[in-house]
Structure formats: structure tokens, C-alpha cells
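Dear colleague,

I am passing on the structure we spoke about, and the notes below it set out what I found when I went through it. Please read them with the structure open beside you.

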Amino acid sequence: MESGGGLLSILSYFINNLRLIFKLTLEHIEVAMMAVIISTIIGVAIGIVITRIKKLVTPVIGIAGVIYTIPSLALFGMLIPFIGIGVKPAVIALILYGQLVLIRNTYVGITQIDRAVIEAGKGMGMSSWQFLGMVELPVALPVIMAGIRTAAVMNIGTATIAAYIGAGGLGWLIFRGIASVYTEQIIAGAVPVILLAIGTDYFFILLERFLTPPGLRHRS
Amino acid sequence: MAHTIIRFDKVSKFFPGGTKAVDDLSFEIYEGECVVFLGPSGCGKTTTIKLLNRLEHPTDGTIYLNGKDTSKIDVIALRRSIGYVIQDVGLFPHMTVAQNISLVPRLIGWSITTQETRVDELLRLVDLEPSAFRDRYPHQLSGGQRQRVGVARGLAADPPVILMDEPFGALDPITRAQLQDEFLRLRSKIKKTILFVTHDIDEAIKLGDRIAVMRTGKIVQFDTPKKIMGEPADEFVKDFVGKDCGLKLMKLLRISDIMVPALNNITERSGVVEAKKLMEERKSDILLVVDDQGVFQGVIRFELLTNRNQGSVKGLMDRDIPTVKTEEEIRATLELMLKKGVVWLPVVDEEERLKGIVTMTHFACFFSSEGWNQEGAS
């Protein structure tokens, strides 16, 4: 295999492998977004639970923090004996990583609600579920969305490494390229990942703006 | 006696650590009255009203609403039947003014059109133009406007009882006075039982039908503003209501409280002779002239009649006479009299009909007898 690295050869690699790059990009998005969706559901749920049971706040956020600090390659490795390799352990690892920011943002978003608002809601006779659905979640939404955005961008990055345990995605090109000192291949994986990360960030910024209730838009 | 709507029976509330927030309270509140809970911070006044809508739970005792033990009523239904207005308003920041106001009606399933009509009606009631304010968000309102919306929200589902926890406490003095005046105007329009918490004695006197003065979880005195000021139960109440309660009391009185009926009046169609005869009878050299509907027209003076023996009084009367309304405050009336240099004023109602007169002598008599106590005046 030749490794020149000129702009032209990079371009020709892209053109010749367009289908592959496209397929890997989709795989990458799939792994990252599946993890975002599942970890949002879990993280927001846990975040809500700890606003109700204050005793759990410190241990839950503590554990999520510890998980967050585990190096990703080590976490992938830890999961292999239990789940094996492939997409499954990758998604599970990404879900675990996302928990800290999702739980914390949900918790902060809900607990930052003005005490007077809580008292008024209770005093007016809203049930706990009504208050959650009509007040707490909508008011906390911008903060929760910011958490989801962080988790999503993080997942795009970490999913690259997940190629190492057979989860596919653009990381596959990078690892292959490194192993065979094939610059064009490395770049064919790296550039789309970078664009994907930037694009994801931007997409979630727009989504956040769109979902923020009009009455809260002045805050940001 | 009026119907009892709320009854506290030996109610106590102890907080963990043994603080007695409310200590063995028993009292009754009648339908339609405004009871003000007054006292220094930490006296248990807020806890007392929160016990009613079960934001606080009594350690001991029973609270009855319309004869029913509140602990046996579903807490959500109970709260929806009691309006709740608090100092920091607590408007939902992501909802418009209309959505905030219609929240309880929405929860209890009113139709959309009924909700919309109600929102506009309430906005007008609290003096906010519906078309301008309906779709605004709380952050686009001033402090006073927010509290108006808060009050409208408390009234939304037409609850018979409303709890107001220092609703005007966070506002600047001018806005506060304005909202207090509107509160009074509102009360004359809607019949509600109101439990109002404040630490401001002036507010309590102005707004309360009765005042419960509280200290360390107990009610020290529960009486009308007049009685609280005139006959404070102990040194604490006396200190709390302050030294100038005579002046405060003056704010409470309306002209209708001290006026006397106008006896020497005459219709404008009466003849000069008739007028002279009446003056003779009443030993008066001035008559008040009214039209057939009793609307005040002016006065006729003896010196104007001396050389006349025919015709009606209509053309002879002095029409340039200041009047005062029955609902006017005493202090403002005194000011008017001093400014105009008059010693008496005709009193008229909203339709300008003559109701009576007030004179400087009446003020003096009134303050030296009932309603004006010696200590207060000192």
C-alpha cells in the first residue's frame, strides 16, 4: 500500500471509497445516537428520581462521576468478558459515559426552579406528575438539552474508539489507516468524524433553541 | 351571625427540633370576611394559613372547612378549591399570562372557551388590558403586574376561600398602596373569604375585617382593627400596633361613619316664602337645595331672600359648593375643608344625591367619644 498523503491522493481515496465512508458514517451515527437516546431516557429518569429522593443525590452523581473518569478503552475492555465485542458493548459504554452529564443536568435543571414556582404549583393543587410534566420538565428542558448535546458530541468522539472492539464506524478507517501507515485512509476516517462532531453540536444547538419554551428564551 | 366557613380546633404544628410554629390555635372564620394574620416574622402566621391548604400538616388538632375535616378531603381537590397567592408570586416562567391564570381551570377540565373568557374577565378585574397582557410572558411584566396576574390566578377557578401570603410585601411602597386599593375595590365586587398574612400593621388595618395578632405560634388578640387599636390586649399588641394608632384609625373611617343627616333641605321648585318659613322653623339661615331626584344642587342663604317674597329658590341659590362623597376618607375630607376654608360640607353618594352633612364640630365630637381612644390620641 502506498502512502503519499498528497491532497490529490486523499481526494481520490475519498472518491473511490465513497460508499464505504458513507456506510461507516451511518454506522457511526447509529451507534452514537442509539446511545444518546437510551442514555437520555435513563439519565433523565434517574435525574428526576434523585430530585425526589435527595438522599440519592450524592451517591448517584458520585458513581456517575467515577464511571465518567474511566478511560474509554479500559471500559470497552472491561465489558468484553461480559458482553463480548461489537456494537452492543460500545453502545453500553457510551450510555454509561453519558450518565453523569445527563443526570446532573436534569437534576440541576429541575432544582434550579424558583421555590415560589414550586410552592405556587403545589398550593394550586397540581399533582406531582402534573407538576413534573407541566412545569419541571419544560422549565428544565434547556438545561437537559444542553446535557444531551454534550453527551451526543462526546459519543461521536468515543464511538470512534469503539471501532477497536468491532463496533464499526469511522474509527475503523482510522485504526486501519494507523496500522498500515495509510495516511489517506486515516484522513478519510478523521475528517468525517470531525465534521460529524461539529455537525452534531450544531444540530443540537438548533434543537435546543427550537425546544426551549418561548417564555424562557430570554435567559440564554 | 354569619356562617362559619373555617374552624381551627386546638391546632398545633411543631417542626422537627421542637420549634412550636403554631401552638394550640382555635378560632373561627366567617364566610366572606377578610382575616389578616399579623405578627413579626417567625410568629407562625404563614404556617397557620399553609395548614389550611395542607402545605403544612398539623402535629395536633383538626381544621374544618365548611364543617368538613380537611385531613379527610383529597389534598389535590382541597387545594384546587382554595386560591393561593404568595409574595414571590411564583408565575410559571414558560407559560403566558393567560396560561398561568387558566392553570387550575385547565386542571379541573373547563372548556377552552370558558377558560379564555375567564382569563379576560380576570385580567380586567385586576386592571390589566387583556389584549395587551394575555400573551405576555412573566419576564415581560413589572413586579406589580406580576402580582396582579398572581392574584388573578388565585381567583381563576372561583374558589370560595383565598390564602394570600404577604402578596404585596415585595413591592415598592407606591405599587403596594395601589394594589391594596385595588384589593379593596376587588373585595367590594367579589364575595370571598380571605386569609391574608402580613407583618405590616398599616396593611392589616386597611384590608382586614378582623386581625389576628400572632406571637410565637399563638394568637394574642383576634378582633376588628378598631378594637385592636383601641383596646390592645397586652403590651405586645400595643407595641406592635404602634403609638400613632389614632391616625391609623382615621384611615379606616369613611365620611358615612361620622356624617349626620341633612335636615334643612328643600327642593329647587320650592318658593321663596316656603324657604323662609323653613329657615325660621329650623332656626337656620342656610338651606340645602336638591332636585326631585334628591341630587344636590346648591345652597340658599337667608340674606339672598330678605327682600323677596315670590318666585322659586332655583334662581337664587349658590351653586358653587364643594361636596364630599360618603366613601371619602376622613383625612382627605379634613384637608379639603381646611383648604376651602369651610366648616361644613354636604355629603353626596355616587349619584350626587344628598346624604347628609359633615361639620368640623362632628369631627371633634367623633374623635372625643367613640372610635378615638385617649392613648391613641396622645
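**Around Gly166(A)**

Leaving aside residues up to four places away in sequence, Gly166(A) touches Ile85(A) and Gly86(A). Please keep in mind throughout that this is a predicted model. Gly166(A) sits in the loop that runs between helix 7 and helix 8 (171-179) of chain A, and its C-alpha atom is separated by 9.7 Å from that of Lys88(A), a residue 78 positions apart from Gly166(A) along the chain.

**Chain A as a whole**

Chain A has 9 helices and 0 strands, and its pattern along the sequence reads α-α-α-α-α-α-α-α-α. The C-alpha trace of chain A spans about 75 × 40 × 20 Å along its principal axes, and of the 220 residues in the chain, 38% are buried. Among the contacts in chain A with a separation of 6 or more, 76% are between residues 24 or more positions apart.

**Where the two chains meet**

The contact between the chains draws 20 residues from chain A and 21 residues from chain B. On the side of chain A that touches chain B, the elements that give two or more residues are helix 6 (115-123) and helix 7 (128-162) of chain A, and helix 6 of chain A gives the most, with 6 residues. By residue type, that side of chain A divides into 11 nonpolar, 6 polar and 3 charged residues.

**Chain B**

The domain assignment of chain B gives domain 1 (4-253) and domain 2 (257-368), and the centres of these two domains, taken over C-alpha atoms, are separated by 42 Å.

I also looked at one pair of helices in chain B. The axes of helix 7 (residues 143-155) and helix 8 (residues 173-189) of chain B come within 10 Å and cross at roughly 25°, and because this angle is under 35 degrees, helix 7 of chain B is roughly parallel to helix 8 of chain B. The crossing of these two helices of chain B is right-handed.

With best wishes

Terms used: Residues are numbered from 1 along each chain as its sequence is written. Chains are lettered from A and ligands numbered from 1 in the order in which they are written. This is a predicted model: local features need pLDDT of at least 70, side-chain atom pairs count only at pLDDT 80 or more; totals for chains, interfaces and linings use all residues. Two residues are in contact if their C-beta atoms, placed from the backbone, lie within 7 Å. Helices (H or I, at least four residues) and strands (E, at least two) are DSSP runs, numbered from the N terminus. Ala, Val, Leu, Ile, Met, Phe, Trp, Tyr, Cys and Pro count as nonpolar, Asp, Glu, Lys and Arg as charged, and the others, Gly among them, as polar. Domain bounds come from an automatic or database domain assignment. Axes are lines fitted to C-alpha atoms, for helices over the stretch in contact, and angles run from 0 to 180 degrees between N-to-C directions. Angles under 35 degrees count as roughly parallel, over 145 as roughly antiparallel, 65 to 115 as roughly perpendicular and the rest as oblique. A crossing is left-handed if the near helix is turned anticlockwise from the far one by less than a right angle, and right-handed if clockwise. A residue is buried if 20 or more other C-beta atoms lie within 10 Å of its own, exposed if 12 or fewer, and partly exposed in between; C-beta atoms are placed from the backbone.
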